[in-house]
Amino acid sequence: MKLDFRRALPRDAFGLMRLYQLANPGTGTDELMLHQNPLVQEIAGEQTIWLVGEREDEIVVYLGIQIDRSNRLAKITRVAVHPELSHQNELFELAMPRLLKYLGEKGVEVIYTTTRTITLAQQEITLRFGFKMLGVFPNAFGGDPLRINGLSAYFFENAATRRKGARFSLHPSVAPFYEKVRELCDLEALPVATPRPLERFA
């Protein structure tokens, strides 16, 4: 399927809202996607980027990205695909290379997102594009067990090296977790501190 990808403009707000309703029939509760004026302001702002894919002038896929320019971070916050199109995950795959290229050109060093742990298809797509699975998102646990989210991140080349700060020693209880992340993200090894023995109270 051929799609035309571009950055969304304020005039696309209604098309984004329409796709949101189609993708979430009767269940959509995202306030931003239900009110046109706030969405127009969001699209026009400097803190977000919306990437849309069009088929015959109809928006059939979108990704909403929140940008933290000072820290060179980006978070994929919203994704929707037209439900009547077959191979919905393939549409997401078509969008990912455009997203990575666009954000890389904007100076972003790390992209992160959440994916449902119950639905492995989303995780598999992000892994194919080089995202690293970093565990369960800290505030993921809620009332709906089907919406527990995993945290994954994409590191552009040399992102960790450029962010390297002063060396420090790891607390022994933290060291095993750091080692897992170090292997995934190609970070340098850090020494493990020797904790002082507990002193008895007099």
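**Exercise 1. Is Arg11 buried or exposed?**

Step 1: Buried means under 20% relative accessible area, exposed means over 50%, and partly exposed is in between (1.4 Å probe, protein chains only).

Step 2: apply them. Arg11 counts as exposed because its relative accessibility is 64%.

Before you go on, note that this is a predicted model, where local features need pLDDT of at least 70, side-chain atom pairs count only at pLDDT 80 or more, and totals for chains, interfaces and linings use all residues. Residues are numbered from 1 along each chain as its sequence is written, and side-chain values use heavy atoms, with hydrogens and water left out.

**Exercise 2. Which residues are linked with Arg11 in a network of salt bridges?**

Step 1: know the rule. A salt bridge is a side-chain nitrogen of Lys or Arg within 4 Å of a carboxyl oxygen of Asp or Glu. Side chains of opposite charge can pair when their charged atoms come close.

Step 2: start from Arg11. Its partner is Asp12, with the closest N and O atoms 3.7 Å apart.

Step 3: move on from Asp12. Asp12 also forms a salt bridge with Arg6, and here the closest N and O atoms are 2.8 Å apart.

Step 4: follow Arg6. Its side chain meets that of Glu54 in a salt bridge at 3.0 Å, N to O. This pair links distant parts of the chain, 48 residues apart: Arg6 sits in strand β1 (residues 4-7) and Glu54 in strand β2 (residues 48-55). Strands here are DSSP runs (E, at least two residues) and helices are too (H or I, at least four), numbered from the N terminus.

Step 5: The network holds Arg6, Arg11, Asp12 and Glu54.

**Exercise 3. Which residues in helix α1 meet helix α2?**

Step 1: find the helices. Helix α1 covers residues 13-23 and helix α2 covers residues 36-44.

Step 2: list the contacts (heavy atoms within 4.5 Å). From α1 come Ala13, Phe14, Leu16 and Met17, and they meet Gln36, Leu39, Val40 and Ile43 in α2.

Key
Axes are lines fitted to C-alpha atoms, for helices over the stretch in contact, and angles run from 0 to 180 degrees between N-to-C directions.
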